Amino acid sequence: MLAAYYNGRSDVRVGDLPEPKILFPGDAIVRVTLAGICGADLEFTHNGPELGLIPGMRTGHEFVGVVEAIGNEVNGVTVGDRVLASAGFVDGQCFYCQIDQYPSCEHFGLFGSHLFIPHGGEDVQGGQSELVRVPYANGTLFKLPESLSSGGDDAKVFPLGDNFSTGFHGALNANIGTGETVVIFGDGAVGISAVMAATLFGPAQIILVGRHDSRLELGKKAGATHVVNGKTTDPVFFIKDLTDGRGPSSLVDTIGGKSSLTQTIDVARAGAAISVTGFGHIFEPVDQPFSAGLFRNLRFHTGVVTVNAHVPRLLPLVESGRIDPSLIFTNTLPLAETERGYALMRDRSSGTVKVALSNGCSHRPGHRRRRGDRRGDRPPLCRRRIPCRHAGARRRPVGSTGTRDCRQRFLWLRRWRPRGTGDDAGSGAGAARVARYHRAQCRISHIRPL
Ligand SMILES: [Zn+2]
């Protein structure tokens, strides 16, 4: 099976690796339909030699998929269930799990990292793969509700396994009050997720601080009322100016580096809550910045990937359409192009925020490129028995498929008239051909909100 693995500093490759097996009664095997590349994957693999990463380690800790096999003690999910995995596996039963402190679980481990092997058993694997072994499946996997199980909703649900839950965790712990101002540092996937999560608390102003105009534009779509590019504008001055010189009462630092932490403390209003989800301080030691907060009663909160505590309350919001976390995806590539995905995410000038790796619909070896195909956007041809992630769209009649974008693409395809689909486009073989092209082409729009 195909799987991505670490091969050295900033070197991730895709190879044909052995399929995983059930090792413990609590294990499950999941056939991954959609995986992702996280900013943490970039940091881990770039700093691999310092962290002691072992070449050959399978990468990735974000995925959704379909349960392929379960061990004897797995009772939360069953074969065939469409599931979301938490980025970190947890037993769900220990003292810390009972008090919602999941990252401190006595059996916590991160997919795609050998750093926690003693807890996950041998051969802890990554999610950037066709199949993955999930330790402690009862605590780690969430069965998706029927309304989000069509496969077409994978991208909406997917970020709850890591980025969106972390962004929500940051917003929640920043004590955002209705009508108040919240500032979010960092325009990556977690920062943009934190913006969207912040809208749930009803603040009057959401200020996003970043360094890339294209990402800041995405932040506006997520709900930011103001954005500031730290490369060209002093964020502290900008924010003070917007808050009567006092500063905001809530701040979320999704970077956690020396510069962002210093600016966060500098700009905070007296009595503000500062929530730090970033881990830049792991790679860039921060001098104690707390003296700047003396006399100001600042409150600090730290923490990441407390996924299990938040997914039960976030899933209904996705189901109802209140939030659409898939906004963070800017690119979708087949798993076989994982290396290109890492390169796109490392290249900050590429406009890429987050790459999804599609696994449910992979291309047959030797697939011939057709007219209209673009590299990475080729019409997926399902070769496996798992449902296509756009199965929901496929079942709808042509021309009335939910989103306006699909309809537009359909009209465009009619104008294009692929082989003999002119006036007969509404009936017979011509209609069938148009429908086929439509189904193939509309998929991208389902996963990439416009
Ligand atoms: Zn636990």
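Author: Axes are lines fitted to C-alpha atoms, for helices over the stretch in contact, and the angles between their N-to-C directions run from 0 to 180 degrees. The model discussed here is predicted.

Reader: At what angle do α10 and helix α11 pack, and how far apart are their axes?

Author: Helix α10 (residues 235–242) packs against helix α11 (residues 258–267) at an angle of about 25°, and the axes are 10 Å apart. Angles under 35 degrees count as roughly parallel, and α10 and α11 are therefore roughly parallel to each other. Their crossing is right-handed.

Reader: Which residues of α10 and α11 make the contact?

Author: From α10 come Pro235, Val236, Ile239 and Lys240, while α11 supplies Gln263, Asp266 and Val267. Sorted by class, the contact comprises four nonpolar, one polar and two charged residues.

Reader: Across which strands does α10 lie?

Author: Helix α10 lies across β10, β11 and β12, and runs at about 170° to β11. Those strands belong to an open sheet of six strands with parallel pairing, in the order β12-β11-β10-β13-β14-β15. At its edges are β12 (226–229) and β15 (299–302), each of which pairs on one side only. Direction ignored, neighbouring strands of this sheet are turned by 15° against each other on average.

Reader: How many bridges join strand β10 to strand β11?

Author: Five bridges join β10 (residues 181–185) to β11 (residues 205–210), and the two strands run parallel.

Methods. Residues numbered from 1 in each chain as written. Predicted model: local features only at pLDDT ≥ 70, side-chain atom pairs only at ≥ 80, totals over all residues. Pairing = 2+ DSSP bridges. Helix = DSSP H or I, 4+ residues; strand = E, 2+ residues; numbered from the N terminus. Contact = placed C-beta atoms within 7 Å. Parallel < 35°, antiparallel > 145°, perpendicular 65-115°, else oblique. Left-handed = near helix turned anticlockwise from the far one by under 90°. Nonpolar A, V, L, I, M, F, W, Y, C, P; charged D, E, K, R; others polar.
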